[in-house]
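Hi,

Here is the structure I promised to pass on. Have a look at it first, and then read my notes below.

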Amino acid sequence: MERILLCKPRMSGREIDYIKDALAEDWAVPLGPDVTAFEKELGEYLGTDHVVALNAGTSAIHLALLALGVGQGDEVIAQSMTFAASVNPIRYVGATPVLIDSEPRTWNMNPELLEEVILDRERVTGQRPKAILPVALYGMPYEIGRIMEVAGRYGIPVVEDAAEGLGSEFEGRKLGTFGQYGALSFNGNKIITTSGGGALICPDAEAAARVKFLATQAREPFPYYQHEVIGYNYRLSNISACIGRAQLEVLPEYLAHHRMVQDLYQELLKDVAGVEVHGNPDSRFDSNFWLCTILLGNADCGTLNDGAPDSEVEALRRRLDEARIETRPLWKPMYDQPVYADAPAYRTGVSDLLFRRGLCLPAGPYVTPDNVRYIADIIRSEIK
Ligand SMILES: *Cc1c(COP(=O)(O)O)cnc(C)c1O
């Protein structure tokens, strides 16, 4: 049996047609008609006209911070429980990440803590943070209504890290369209791939034009090369956009597949004591379930970890690995990462618990219902 991977990319079969057409017209260039078409088609899917295709989700977050004017000496409030790519761009612009803990329903940024932290940072630094960066972990929308309400009340812009949340919805609206900016990723392991790429959803045409300008070396409109600000080489290649266009055609099918796999895990594991499958907290949330995630045991919230998952979780991971199943611990919180040891952090212990007790299970387009039954059987027999 082939190894069952977390989220192996799957081609629709049409990628080659788009690429052939582009190559026939010599469009093997950094930008081109397929990039424009990909932006338009993605925008139609998301319900916005202001999408900029980029070479990575990380670049999208970086450009959003630049577009908001975040820089040296500023603070940005970021969700601590995430992948490093959410937070690193804060450092790229010379700002300081203020890391805040998650709440247990969505596993994402805690809105009450957010308000306390805004007030505390004002007390400590005399300044309001310049941006708020919530993440849709594993596709699960964060408490969008409450986060936006707090952000709006204090006049702080929100950059949504929806890198894992393409196709997820909150109250019927697509993720990435709630904040001033929304970042998406099309890396090889995400919901769809461009072989490497991302996009930034912008608030209006002017902001999108500014982002494109920064992403193409900040060339001023002169007949010669004139540069007045620092630019980047962050645009998507035309060939990558070809892959993206073909992947968009199967996006609805892939989303349905991820949700079907999730439902099956929930059904098969629902009466296994000591295993909790993370589902939508209520009917406003509609996660894409990029990966299925579980928590083991009933450890107390509030204890801090020693830097590694609990032994029971590691034992299950190894057992599944022997059975040719790839699983992975949840994201290790940024406030526990050596590289962010000096960043201000506001902890409640929730993300420490998630990291210690959690595991991601395979859910990509190649994972079959039989695979899920096989995985669930092993988990059931291992957890007593
Ligand atoms: C993948 C990911 C990113 C970065 O996207 P890339 O396209 O790999 O640069 C950012 N944030 C989160 C939460 C991610 O999972």
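Phe289 counts as buried, because its relative accessibility is 6% and the cut-off for buried is under 20%. Bear in mind that this is a predicted model. You'll find Phe289 in the loop that links strand S11 (285-286) to strand S12 (292-296). Most residues other than glycine have a negative phi.

Trp107 is another one to look at. Its phi is positive too, at about 70°, and again it is not a glycine. Trp107 sits in the loop between strand S3 (96-100) and helix H5 (111-125). With a relative accessibility of 3%, Trp107 counts as buried as well.

Now for the ligand. Which of the 15 residues around the ligand come nearest? Those are Thr58, Asp161, Glu164, Ser185 and Lys190. By type, the shell around the ligand splits into five nonpolar, seven polar and three charged residues.

Glu164 has a polar side-chain atom 2.5 Å from an oxygen atom of the ligand. For Ser185, a polar side-chain atom lies 2.7 Å from a ligand oxygen. How much of the ligand does the protein bury? Taken alone the ligand exposes 380 Å², and 95% of that is buried by the protein. As for elements, helix H3 (57-67) and helix H4 (84-92) are the ones that give two or more residues to the shell around the ligand.

Cheers

Definitions and conventions: Residues numbered from 1 in each chain as written. Predicted model: local features only at pLDDT ≥ 70, side-chain atom pairs only at ≥ 80, totals over all residues. Heavy atoms only, no water. Near = heavy atom within 4 Å. Polar contact = N/O pair within 3.5 Å; in protein donor to acceptor, adjacent residues only side chain to side chain. Areas by Shrake-Rupley, 256 points an atom, 1.4 Å probe, with all protein chains shown as cover. Helix = DSSP H or I, 4+ residues; strand = E, 2+ residues; numbered from the N terminus. Nonpolar A, V, L, I, M, F, W, Y, C, P; charged D, E, K, R; others polar. Buried < 20%, exposed > 50% of the residue type's maximum accessible area, 1.4 Å probe, protein only.
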